[in-house]
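Thanks for coming. Please have the sequence and the model open while I talk; I will go from the whole chain down to single residues.

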Amino acid sequence: EEEILALPAATVTTSSKRKRGKAAAAAAAAAAMDEMSSVLYIGHIPHGFYEAQMRGFFSQFGDVERLRLSRSKKTGGSKGYGFIEFRDVDDAQIVADAMDTYLLAGKQLVVKQLPNSKLHEHMWEGAGEKFRPFPWREHERERHNKPKDAATQKKVNAQLLRGESKKRQRLKALGIDYSFPGYSSSRGGSAEADAGEQKSQKEDEEIGHEKREEKQEEAKAPTPTRVAKKGSRKAAGSVSKPRTMATKKRR
């Protein structure tokens, strides 16, 4: 009889068990990320179809867990896309199949079911809350009316005086004799304002002088249209003279 030799059993170390466990967990996590979620992306949302209207419309397909319409931080207006989460994944798939390319208020909806890998933690920030736009007008009014330092006030005064000086020069160029106190009466003899006003006056005078020279040169140089008109008149005169002579002879 043949003897059967007993082979020693393979020893499995704890490190190999851990590696296998990690690999299995990673594979399970990857498979879970590839699975479709119950979240839908909805694009091309028409104006007037906001949170309340969206919840009322999509609730006919199933229970809506969360809903967020993307809005502008500056104006609070709709950006035309949003996200909606259903309680059941099957309901989300039915909505994606039925409502994609659906024509609503002149807009063709884009409805796509998102996989778990496309979801991120900031997707639902502000969901379920009433949007309150930032009061930009009040903020700008407070910024404009807040007290200014000396350097900023000097700059503002110089700009006002330059604008007023240009306005006076335009009125004078139009032949309008009109005087008004303006900012110059209350400037208090600012040397910097006077320098800025004189600089702007010199620039305006130089620009006006250049424009006058260009207009004079254009007036002296004959244009092609004038030459063509003179030539056509001469040609017309040479043709018309024999006709008048012929009519006189016939008479």
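The chain exposes about 20,100 Å² of surface, and carbon and sulfur atoms supply 53% of that area. Bear in mind that this is a predicted model. Of the 251 residues of the chain, 20% count as buried.

On to secondary structure. The chain has seven helices and six strands. Read from the N terminus, the order of elements is α-β-α-β-β-α-β-β-β-α-α-α-α. As for contacts within the chain, if we take those between residues at least 6 apart in sequence, 61% join residues at least 24 apart.

Let me start with a serine. Ser37 sits in strand β1, which covers residues 36-43. Is Ser37 buried or exposed? Its relative accessible area is 5%, and the cut-off for buried is under 20%, so Ser37 is buried.

The backbone nitrogen of Val39 is found 3.3 Å from a polar atom of the Ser37 side chain. Leaving aside residues up to four places away in sequence, Ser37 touches Val89, Ala92, Gln113, Leu114, Pro115, Asn116 and Leu119.

Gln113 is in that list, and it is my second residue. Gln113 belongs to strand β6, residues 110-115. With a relative accessibility of 16%, Gln113 counts as buried. The side chain of Gln113 reaches the backbone oxygen of Ser37 at 2.8 Å.

Next, backbone angles. Most residues other than glycine have a negative phi. Thr101 has a phi near 65°, a positive value in a residue that is not glycine. Where is Thr101? Thr101 is in the loop between α3, residues 89-99, and β4, residues 103-104. Its relative accessible area is 49%, which makes Thr101 partly exposed.

The other one is Ala105, with a positive phi of about 55°, and again this is not a glycine. Ala105 lies in the loop between β4 and β5, the latter being residues 107-108. Ala105 has a relative accessible area of 66%; the cut-off for exposed is over 50%, so Ala105 is exposed.

Further along, there is a loop between β6 and α4, where α4 is residues 136-145, and Glu121 is in that loop. Glu121 is exposed, at 70% relative accessibility. Its side chain makes a polar contact of 3.4 Å with the side chain of His122.

Another glutamate gives a contrast. Glu164 is placed in helix α5, residues 150-173. Glu164 counts as buried, because its relative accessibility is 7%. What does Glu164 touch, apart from residues up to four places away in sequence? The list is Phe180, Pro181, Gly182, Tyr183 and Ser184. For Gly182 there is also a distance: Glu164 and Gly182 are 18 residues apart in sequence, and their C-alpha atoms are 7.3 Å apart in space.

Last item, the second largest pocket. Its space comes to about 380 Å³. The lining has 17 residues, and those nearest the centre of the pocket are Arg68, Leu69, Glu125, Gly126 and Phe131. Which elements give two or more residues to the lining? They are α2, residues 51-58, and β2, residues 64-71. The largest share, five residues, comes from β2. By residue type, the lining divides into nine charged, four polar and four nonpolar.

Notes: Residues numbered from 1 in each chain as written. Predicted model: local features only at pLDDT ≥ 70, side-chain atom pairs only at ≥ 80, totals over all residues. Heavy atoms only, no water. Helix = DSSP H or I, 4+ residues; strand = E, 2+ residues; numbered from the N terminus. Buried < 20%, exposed > 50% of the residue type's maximum accessible area, 1.4 Å probe, protein only. Polar contact = N/O pair within 3.5 Å; in protein donor to acceptor, adjacent residues only side chain to side chain. Contact = heavy atoms within 4.5 Å. Areas by Shrake-Rupley, 256 points an atom, 1.4 Å probe, with all protein chains shown as cover. 1 Å grid on protein atoms, 1.4 Å probe; cavity = no way out; pocket = protein on both sides within 12 Å on 5 of 7 lines; lining within 4 Å. Points joined across faces, edges and corners; volume = space filled by probe spheres on them. Nonpolar A, V, L, I, M, F, W, Y, C, P; charged D, E, K, R; others polar.
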